Every structure is written in C-alpha cells, then in structure tokens.
Amino acid sequence: MKYLDEYRDGEVARKIVHEIHRIQTKPWVIMEVCGGQTHSIVKNGIDHLLPEGVELVHGPGCPVCVTPLEMIDKAHAIARRPEVIFCSFGDMLRVPGSDGDLFTIKSDGGDVRIVYSPLDCLKIARANPGKKVVFFAIGFETTAPANAMLVSRAREDKAHNLSVLVSHVLVPPAMEAILQSSQNRVQGFLGPGHVCAVMGYREYEPMSVRFRVPIVITGFEPLDILQGTLMTIRQLEEGRAEVENEYSRILGREGNRPAQRLVDSVFEIADRKWRGIGTIPNSGYTLRREYCDYDAEKIFSVEGIDTREPEICISGQILRGIKKPHDCPAFGTLCSPQRPLGATMVSAEGACAAYYAYGRHLNKEKENNELRVLDGAA
Ligand code: SF4
C-alpha cells in the first residue's frame, strides 16, 4: 500500500539501524512525543534494535491519556443529565472517571453517541431542538481545526442547543516543561508529526536553540521512527541542535495556514491541566469570549469538579521521560487495560497500554518474541 509498505521495508530498516550503530559513540536519551510513535516503537520492537546506549523514552503526546480525570468526571456529569445528548469520539467512551465510564452512562439510559466528525453534532442538534447537544472536544492541535469549525458553524447556524466541553492541549509548552524540569533526561526529540501537519514547525525552532536540543519532526511508520532517530543521533553526535523534518512527505515548516486561522478565530491560549503532570502555563486552548455561549463547562456549571489520581500511579513521570511502565509496581497487576488506574494505561496509545498490549508485562523471552515487522533487522 502506497506510503505504508515502503515505510515498513526490513532491508531499508537494516541499513538505517546499521548506520545508527556506526555513528553512535555516546549514550543518548531521546523522547518520542506522540502516543502513535510510542505504539509503533513498542509494536515493532524498534527500541530493541538500537544500540544499548540509546534510550527511547515516551512523551506526553497521547490526547486521551493527558485529558485530566476531572475533565472526564465533568463529561460524565453532563452526560448523565436527561436533557443532554452527549457526543464524543469513540475512544473516550471507555475512559473511566471516578464513577464508571460513558458506556456505563449509556447503558443506564443516558443519550451518549459516538460521532466520526465534530460536524455530525450540528446535524444532531438540528434534529433534536428540544435537547442540549454537547461535544467532548479533546486533543492536541491536530483536532483543534475540526472542533473550531463546529463552534464557528454552530454560531453561523444559530444552533443555541449545541455546546462543547473543551479540553485542548498544546505540545510545545509540554516539551518546554519537560526540558525545564530539574529531573529532565531528554537530550533530543522525535517531534509530533500530526501536530506539525497543522501547525508547521516554526514554533519549535526557538525551543531547539534555547535548550540546545535537536528536534526532528517524525512520522509514525517504522522507517519514519528509525530515520528520525538516526537524524537526532547524528545531530547529537555532531553537537548540533536544530529542527529537522523527517516527515516532509506530509508537512512543511508553515503547516496549514487556513486551519491555523480558523483555530485562532475560535480559541485562545490558556493554562491547562495535564493528566499525570499537572497545570502547565499557556498549554491549551479555551473558547474565546465571543464564543462563551458555547462553553459546556459554564452552561452546565461543572467548573468546580476536582478529582485526585491514585497515589500508586507514576504516569506523570512516564509522560516526562523519567520512568518507564516497568518501573510502576502496579503495571500488569493492579493496573491493566481492562482496569486502568492511570493516564498512560487508559488509551491504547498510552505507554503503559502499549507495553501491556505487546507483552512487556510478561517475561523477557516473551518480550523478545514480540519483535515483529523489523525482526532481524539489527
Ligand atoms: S501501570 Fe497503571 S498505575 Fe502504573 S504508571 Fe501506568 S497507568 Fe499508572
């Protein structure tokens, strides 16, 4: 399949891995930012193909994982109301809050619907004028344009029975927070390919200079990850710190300008809480004042809900690259995808869920058996 098969070619992988082994002289810690990249690394055993001194740590770029627990609880409080039709992408339905999930609320009689596009909510609102339709608008910069489109269209259509519960977060402030931490181990980044398809990568350039850190915008297929890792290690070995673009078949430096303008017209930058991490200044979007009539948090008065994470969970340290899922005493025992305790086990793209899915909660022999597409490439 075009743009898939050629990025899964074992022979090419073998050459890139050989080059990584050839040029690497020092130990390096590299963070892949996106949950999709983490999933690809664990699924394909890419971390096992790298030299012993090169460690991949897993970043905060899984949108379901970093949506705070209190925002899940707010969504559930709204979805339980009899006058509400609560709409969401499917991956949020099984995310547990303090008391059940959206599937439970649906089975208890709540009107919870899966949508495939935010604009579907507009049709639902038109068809149900006596109901209040709420869309759960979560995610990174990647999903912000479609969510902004929904709010903009709702105002044009005078759809006063539609609102959005916004929990949008932004990648660059989270990367800066990681680099500023006294515990930081990260020396280079595989940057977020999908986010940069919308936003471009200009805003990463000052960060790269300020923190002297290579940032290679990287895709999601096995060869993307390997090539991004090679480019990052090459910069580190040569003492360079620049932004480079491995994912040039998809994106350019400027990103998608019309999408950026649409987002800016509906949202403004605000502080946001990240699940497992805490509040990061200027790290998310909130609705602009002129769109406050579409803000579900205000309409349903759920702003005061506050929730605490289980103390055993170290997902905050995992999302900052300080620890790995194996380091958690609950991994694979008290905590599993069926009974997730924390952020990184909640979504299939979370680091703990990816480790679990590919058998890394089992023994080493089993783990080695899970090396798939690139088996034998080293
Ligand atoms: S295994 Fe579960 S409890 Fe442990 S860090 Fe991961 S999500 Fe948290």
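Start by selecting Glu254, which is partly exposed, with a relative accessible area of 30%. Keep in mind as you go that this is a predicted model.

Next, bring in Arg202. Its side chain meets that of Glu254 in another salt bridge, at 3.4 Å from N to O. Arg202 sits in the loop between helix H10 (193–199) and helix H11 (205–210), while Glu254 is in the loop between strand S9 (243–245) and helix H13 (257–266), so the pair ties together parts 52 residues apart in sequence. Arg202 counts as partly exposed, at 40% relative accessibility.

**Stop two: another pair**

Jump to Arg81 and Glu83, whose side chains meet in a salt bridge at 3.0 Å, N to O. Glu83 is partly exposed at 24% relative accessible area, and Arg81 is partly exposed at 34%. The structure holds 25 salt bridges.

**Stop three: the ligand**

Finally, select the ligand. What kind of space does the ligand take up? It is the largest cavity. Show the residues around the ligand, among them Cys313, Ser315, Phe331, Thr344 and Cys352. Helix H15 (315–319) and helix H16 (343–346) each supply at least two residues of this shell. Color the shell by residue type and you'll find nine nonpolar residues, three polar and no charged.

Definitions and conventions
Residues are numbered from 1 along each chain as its sequence is written. This is a predicted model: local features need pLDDT of at least 70, side-chain atom pairs count only at pLDDT 80 or more; totals for chains, interfaces and linings use all residues. Side-chain values use heavy atoms; hydrogens and water are left out. A residue is near a molecule or strand if one of its heavy atoms lies within 4 Å of it. On a 1 Å grid over the protein atoms alone, a cavity is a set of points where a 1.4 Å probe fits but cannot get out, and a pocket is an open set with protein on both sides within 12 Å along at least five of seven lines; lining residues have an atom within 4 Å of a point. A molecule sits in a cavity or pocket if more than half of its atoms lie within 2 Å of its grid points. Helices (H or I, at least four residues) and strands (E, at least two) are DSSP runs, numbered from the N terminus. Ala, Val, Leu, Ile, Met, Phe, Trp, Tyr, Cys and Pro count as nonpolar, Asp, Glu, Lys and Arg as charged, and the others, Gly among them, as polar. A salt bridge is a side-chain nitrogen of Lys or Arg within 4 Å of a carboxyl oxygen of Asp or Glu. Buried means under 20% relative accessible area, exposed over 50%, partly exposed in between (1.4 Å probe, protein chains only).
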